[in-house]
Amino acid sequence: MMIKINISSNVIGEPILAESMIKTRTALNISQAHFDSTYGEIIAEVETDDFKAIRKALESKGAKVTVLDYPIVRDEEECVECGACISVCPAHVFSFDDDWGIAQNTEKCIQCGTCIKMCPHRALSLEK
């Protein structure tokens, strides 16, 4: 299962991720991490059986944990097939097809939202 972990400024610099993983003996497969002095966001995969324990441990230290269980959705009418999503997607969800249209493999999507932020026509969203 894919999860997003948000860490606020009051705990940036603290080893809350490492401490939570050690405490719960839970492995996280981190696909993305973004930090600055005020905020942190991690996209990771965790075994379903381990989710409740790691979420409880992280939230007890001030983090917010969200399950990412919806793939990215492309609005065909709004998309101009510029390729911005192709260049930024860390999971290679998007590609050009033989006719230079945008092809999409949602099974690869890690719901990080990078493509949503980069789409100049706001043609991408997370399905709700």
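User: Where is Arg-74 found, and is Arg-74 buried or exposed?

Analyst: Bear in mind that this is a predicted model. Buried means under 20% relative accessible area; Arg-74, which is found in strand β5 (residues 72–74), counts as buried because its relative accessibility is 12%.

User: With which side chains does the side chain of Arg-74 make a polar contact?

Analyst: The side chain of Arg-74 makes a polar contact with that of Glu-76 at 3.2 Å, and another with that of Gln-104 at 3.5 Å. Glu-76 also forms a salt bridge with Arg-74, and Glu-76 counts as exposed, at 55% relative accessibility, whereas Arg-74 is buried.

User: How many salt bridges are there by this rule?

Analyst: A salt bridge is a side-chain nitrogen of Lys or Arg within 4 Å of a carboxyl oxygen of Asp or Glu, and by this rule the count comes to 3. One of them joins the side chains of Lys-61 and Glu-19 (3.1 Å, N to O); since Lys-61 lies in the loop between α2 and β4 and Glu-19 in helix α1, the pair ties together parts that are 42 residues apart in sequence. Arg-55 forms a salt bridge with Glu-59, and both of these residues lie in helix α2, 4 residues apart, about one turn of the helix.

User: Which residues are buried in helix α1?

Analyst: In helix α1 (residues 16–24), Ile-16, Leu-17 and Ser-20 are buried. They cover an arc of only 100° around the axis, so they are on the same side of α1. The buried residues of α1 pack against β1, β2, β3 and α2.

Methods:
Residues are numbered from 1 along each chain as its sequence is written. This is a predicted model: local features need pLDDT of at least 70, side-chain atom pairs count only at pLDDT 80 or more; totals for chains, interfaces and linings use all residues. Side-chain values use heavy atoms; hydrogens and water are left out. Helices (H or I, at least four residues) and strands (E, at least two) are DSSP runs, numbered from the N terminus. Buried means under 20% relative accessible area, exposed over 50%, partly exposed in between (1.4 Å probe, protein chains only). A polar contact is a pair of N or O atoms within 3.5 Å; within protein, one must be able to donate a hydrogen and the other to accept it, and residues adjacent in sequence count only if both atoms are side-chain atoms. The arc is that of the directions from the helix axis to the C-beta atoms. Contact means heavy atoms within 4.5 Å.
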